[in-house]
Amino acid sequence: MDRHWPQRWPLQPVVESDWAEQEPTYREAEPAIIDAALKRAEARPSGNWYVFAASRDVTSARPRGFRAAGTELVAWRDSRGGLHVGPGSCPHLGAPLSEAAVDCDALVCRWHGMRVGPGAGRGWKPVPCHDDGVLAWVRLDRIGSEEPLDEPVVPERPPATTGISAVASMVGVCEPSDIIANRLDPWHGSWFHPYSFTRLKVLSAPPAVLDDQAEDRFLVEVTFRVAGRIGVPVRAEFVCPEPRTVVMRIVEGEGTGSVVETHATPLGRAADGRFRSAVIEAVVADSSRPGFALARRAATALRPLIRRTAARLWRDDLAYAERRYALRNR
Ligand code: FES
Ligand SMILES: [Fe+2]
């Protein structure tokens, strides 16, 4: 059957091989390379911006409470769709503003009716926020301590007119660096996630000491398993545009230009004294290529399976990040 499979079809049969028979990758996956890539990412400016939610999850219906870098915050939208963010605690007696009512574009506290918002609220000041169309960001200058930037460093994405986006988030017991370090180790792919990746080959990795010649990116050849013995072979690069973001961009194959952005946001320490961080992952798939319609039709049928596979992938990657954190804090 495989011989007759059309070469140009986005979905290709996967040749099964024994998991333990794969070529080990630990020799190439040098800790020094991963650490150096992480350090370079951490040295890039973020302008003190943190991703906190999917754009579509912040509405004018009700405020959304969240934490970023140990700060309690609240977000909502006004009637024109404008995003607002500010302290999540009422300046009067500290009621949670996540339970406030949205009225005339402001928040009204449930306890005694104090109104806070863009132009109102004694002792309550909004904080800078940004909506990039897929994700909502907040700027925390007191915590970030970097030179503030007017806007966050948003990765290059397929155009909003043709791209299809989906956002998922999870919380782990770790720091953002653990989440980023996991993504800067592409070598674990087909060993740790054989249910999702197969035939993974790291084509190039930036050296630990980057010279003018070398590009600061990982280039990978991989087949994404969509179901059982069916996969999509692609080439993808991994880059860090800012300290808390890793972008996987498909550079060759079906869905070229599509990105998976992994954003790591520190939440702060929990009651147990250990750190919590959120992984907010945005998939922006390009739909402008002719083959995409075909893939999409197939994907509709396979979606429940894909979703289950993706959930497992995130769980495992978070377990990797949490283990990294635990080892550092033993
Ligand atoms: S606690 Fe909010 S108005 Fe009193
Ligand atoms: Fe992974």
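With 13% relative accessibility, H188 falls on the buried side. This is a predicted model, and H188 is a handy way in, since its NE2 is one of the atoms coordinating the iron ion (ligand 2).

**Iron site**
- Angles among the 4 donor atoms run from 56 to 148°, and the site comes out as irregular. Four donors would need all angles between 85 and 135 degrees to count as tetrahedral.
- Along the sequence, the donor residues follow the spacing H-x4-H-x123-D.
- H188 sits in the loop between α3 (176-183) and α4 (189-192), while D317 belongs to helix α5 (residues 291-328), so this pair links parts 129 residues apart in sequence.
- D317 is buried too, at 9% relative accessibility.

**Aromatic rings**
- The model has 5 aromatic pairs. One of them is W19 with W191: ring centres 5.0 Å apart and planes at 80°, so it's edge-to-face.
- W19 comes from the loop between β1 (12-13) and α1 (31-42) and W191 from helix α4, so they tie together parts 172 residues apart in sequence.
- W19 is partly exposed, at 44% relative accessibility.
- R312 lies over the face of Y195, 3.9 Å from the ring centre.

**A loop glycine**
- G94 is found in the loop between β5 (83-87) and β6 (101-103), and is partly exposed with a relative accessible area of 32%.
- C-alpha to C-alpha, G94 and W111 are 9.2 Å apart in space, and 17 residues separate them in sequence.

How values were computed: Residues numbered from 1 in each chain as written. Chains lettered and ligands numbered in written order. Predicted model: local features only at pLDDT ≥ 70, side-chain atom pairs only at ≥ 80, totals over all residues. Heavy atoms only, no water. Donors = N, O, S within 2.8 Å, 3.2 Å for Na, K, Ca; no water. Tetrahedral: all angles 85-135°; square planar, octahedral: opposite > 155°, others 65-115°. Helix = DSSP H or I, 4+ residues; strand = E, 2+ residues; numbered from the N terminus. Buried < 20%, exposed > 50% of the residue type's maximum accessible area, 1.4 Å probe, protein only. Phe/Tyr/Trp six-rings, centres within 6.5 Å; stacked < 30°, edge-to-face > 60°. Lys NZ or Arg CZ within 6 Å of the ring centre and 35° of its normal.
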